[in-house]
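Please read it alongside the sequence and the coordinates.

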Amino acid sequence: MEWIDALILGIVQGLAEYLPISSSGHLEIMKQILGLDLDPDASLEFSVLLHVATVLSTIVVLWREFWPLAKSFFTVKLDDNFYYACKILLSCIPVGIVGVCFKKQISELFDGNLTVVGICLIVTALLLCFAYFTRTREDLARPQAYRGRDISWLDAFIIGCAQAVAVLPGLSRSGTTIATGIMLGDNRAKVANFSFLMVIIPILGEGLLDMKDMLSADAVSSAAISPIAMLTGFAASFVVGCIACKWMLEIVKKGKLVWFAVYCAAAGALCLIW
């Protein structure tokens, strides 16, 4: 992989991580367009690296929300922020189980399988449409103060289950979790923040595990990607992610996710007939 390929993939990841169009799916599509032939382990490691970059951009953009949560949690200050952080931890349990028990199977899906990507993109489109026609239109007709409730413990777990399913390439993580929260009746702005914050722990955890594997003597898959390419992709994903995160928060507040359903349906159909 050349640095220019990594730059393009980093830009794609930075945009697609926050927009409800599936970053993993678009990375697989772009790898096919660029003609990159990476083994599944190297492909997944590079994807995780780009996801770590966008997670860091989430922390930067949502720093005012993130710091009080971290401070309350680590000092065990039993306030609203502490319990909110506990809800985030609860939401991470399903994806943690999937990552530990099905890592090999997930890795094999990141191998240019555009059929899986196409099907999952269409599922993403259906989720976004369903969330819009069942909740969003109704919420937009109400005063701002009555547009959805706070995220409950049960909601946090259900949204976490949605995140676990969204490890499939082509199924948008942000689109799936936000749409799930909206369908549960949660406030759109609050569920968007929750969706972006809940990914921090699993992605950073996976990144640390991959870093340990890449530094071990037995790790050889990362040799297919040069350090310069990895740094270029990481930087591009971080910078673009900061911009896209702010943009997505405004889009969710205005209830315009349904337009991305049209794009996901078209992209999914193209993947199936490629």
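The buried residues of helix α10 are Arg-188, Val-191, Ala-192, Asn-193, Phe-194, Ser-195, Phe-196, Leu-197 and Met-198. Because 9 of the 11 residues of this helix, which spans residues 188-198, are buried, α10 is largely enclosed by the rest of the structure. The model is a predicted one, and the chain averages a pLDDT of 82, with 82% of the residues scoring at least 70.

**Overall make-up**

- The secondary structure of the chain amounts to 13 helices and 0 strands, and the order along the sequence is accordingly written as α-α-α-α-α-α-α-α-α-α-α-α-α.
- Of the 274 residues in the chain, 51% are buried.
- When contacts between residues at least 6 apart in sequence are considered, 82% of them join residues at least 24 apart.

**Confidence along the chain**

- Confidence is highest in helix α8 (residues 153-165), where the mean is 93, and lowest in helix α6 (residues 103-109), where the mean is 67.

**The start of α10**

- At the start of α10, a side-chain oxygen of Asn-187 lies within 3.0 Å of the backbone nitrogen of Ala-189.

**Packing of α8 against α9**

- The axes of α8 and helix α9 (residues 173-183) come within 9 Å of each other and cross at roughly 155°. With angles over 145 degrees counted as roughly antiparallel, α8 is therefore roughly antiparallel to α9.
- On the α8 side this contact is made by Ile-158, Ile-159, Ala-162 and Gln-163, while α9 contributes Arg-173, Thr-176, Thr-177, Thr-180 and Gly-181.
- The crossing of α8 and α9 is right-handed.

**Packing of α5 against α8**

- Helix α5 (residues 80-101) also packs with α8, at an angle of about 30° and with the two axes 8 Å apart.
- The crossing of α5 and α8 is right-handed.
- From α5, the residues that meet α8 are Tyr-83, Cys-86, Lys-87, Leu-90, Ser-91, Pro-94, Val-95 and Val-98, and their counterparts in α8 are Trp-153, Ala-156, Phe-157, Gly-160, Cys-161, Gln-163 and Ala-164.
- Gln-163 of α8 is listed in the contact with α9 and is also listed among the α8 residues that meet α5.

Notes
Residues are numbered from 1 along each chain as its sequence is written. This is a predicted model: local features need pLDDT of at least 70, side-chain atom pairs count only at pLDDT 80 or more; totals for chains, interfaces and linings use all residues. Side-chain values use heavy atoms; hydrogens and water are left out. pLDDT is the predictor's confidence in each residue, from 0 to 100. Helices (H or I, at least four residues) and strands (E, at least two) are DSSP runs, numbered from the N terminus. Buried means under 20% relative accessible area, exposed over 50%, partly exposed in between (1.4 Å probe, protein chains only). A polar contact is a pair of N or O atoms within 3.5 Å; within protein, one must be able to donate a hydrogen and the other to accept it, and residues adjacent in sequence count only if both atoms are side-chain atoms. Axes are lines fitted to C-alpha atoms, for helices over the stretch in contact, and angles run from 0 to 180 degrees between N-to-C directions. Angles under 35 degrees count as roughly parallel, over 145 as roughly antiparallel, 65 to 115 as roughly perpendicular and the rest as oblique. A crossing is left-handed if the near helix is turned anticlockwise from the far one by less than a right angle, and right-handed if clockwise. Contact means heavy atoms within 4.5 Å.
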